[in-house]
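Please keep the sequence and the coordinates at hand while reading.

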Amino acid sequence: MTRDDDLQRLLLAVHALTRVAALDTNSDAPAAQWRTLTLLRDHGPQRLGDLATLSRVTQPGMTRLIRQMDAAGLVSRRSHPADSRVSVVAATEDGLDALERWYELFRSALAPHVADLSDAEWEAVRTSASALSRQVGMVPVGSNDFTENPNDDAPASRGAARRSEEEREVVR
């Protein structure tokens with residue numbers, strides 16, 4: 001097997017495990033909601049179009065999702081300070097709290113599927129997670145928490161979404 005084959009197998013296995021665990025949570029919320037909140041947590045407020053691109057969905061699809069999430073109090077929308085035609089979306093405190101609860105539920109649902117891994121297998125998981133996280137600019141700072149690479153000018157993940165309104169202006 002090649003390294004490409006190993007990487008493909010790893011990603012497909014993680015994707016399959018993620019889907020099984022997500023189904024086990026019995027959550028009615030769409031996966032796109034959690035993905036969107038995660039993107040807003042990690043990258044801070046985003047223009048609606050940029051958020052659609054990051055999430056790899058159409059802008060009309062993202063508009064519908066954001067409308068639902070706004071009605072539920074998970075995100076807030078406001079006009080861009082420099083262009084009132086552009087919407088800027090930010091995660092709310094309630095949205096970030098809901099995301100944290102989702103991750104706790106998700107980890108609980110995932111646990112039985114990996115409970116029989118040996119210590120050596122867990123070490124391989126830990127090593128792989130660290131290596132791949134570094135490749136995408138994330139460094140672990142705790143057991144369940146990641147921040148952007150401190151060498152980058154990007155904001156810390158949880159902190160980016162928890163800043164004051166003035167600090168969260170979109171700079172593009």
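Helices (H or I, at least four residues) and strands (E, at least two) are DSSP runs, numbered from the N terminus. The model is predicted: local features need pLDDT of at least 70 and side-chain atom pairs count only at pLDDT 80 or more, while totals for chains, interfaces and linings use all residues. Residues are numbered from 1 along each chain as its sequence is written, and side-chain values use heavy atoms, with hydrogens and water left out.

Two strands pair if DSSP finds at least two bridges between them; β2 and β3 (residues 83–91) are joined in the antiparallel sense over six bridges. Within this pairing, Arg-77 has Val-89 of β3 as its bridge partner.

Helix α4 (residues 59–71) has 13 residues and spans 18 Å from its first C-alpha to its last, close to the 18 Å expected at 1.5 Å a residue; the expected span is 1.5 Å times one less than the number of residues. Its buried residues are Gly-61, Met-62, Thr-63, Leu-65, Ile-66 and Met-69, where buried means under 20% relative accessible area, exposed over 50%, and partly exposed in between (1.4 Å probe, protein chains only). These buried residues pack against α2, α3, β2 and β3. After α4 comes Gly-73, with a positive phi near 80°.

Most residues other than glycine have a negative phi. Arg-56, although not a glycine, has a positive phi of about 60°; this residue is in the loop between α3 and α4 and is exposed, with a relative accessible area of 78%. Ser-55, by contrast, lies in helix α3 (residues 48–55) and is buried at 6% relative accessible area. The side chains of Ser-55 and Arg-35 are joined by a polar contact of 3.0 Å, that is, a pair of N or O atoms within 3.5 Å; within protein, one must be able to donate a hydrogen and the other to accept it, and residues adjacent in sequence count only if both atoms are side-chain atoms.

How many aromatic pairs does the structure hold? There are two, a pair being rings of Phe, Tyr and Trp (its six-membered ring) with centres within 6.5 Å; planes under 30 degrees apart count as stacked, over 60 as edge-to-face and the rest as tilted. The rings of Trp-34 and Trp-102 have centres 5.2 Å apart and planes at 5°, so this pair is stacked. It links distant parts of the chain, with Trp-34 in helix α2 and Trp-102 in helix α5, 68 residues apart. The rings of Trp-102 and Phe-106 have centres 5.7 Å apart and planes at 35°, so that pair is tilted. Together, Trp-34, Trp-102 and Phe-106 form one aromatic cluster.

Notes: Contact means heavy atoms within 4.5 Å.
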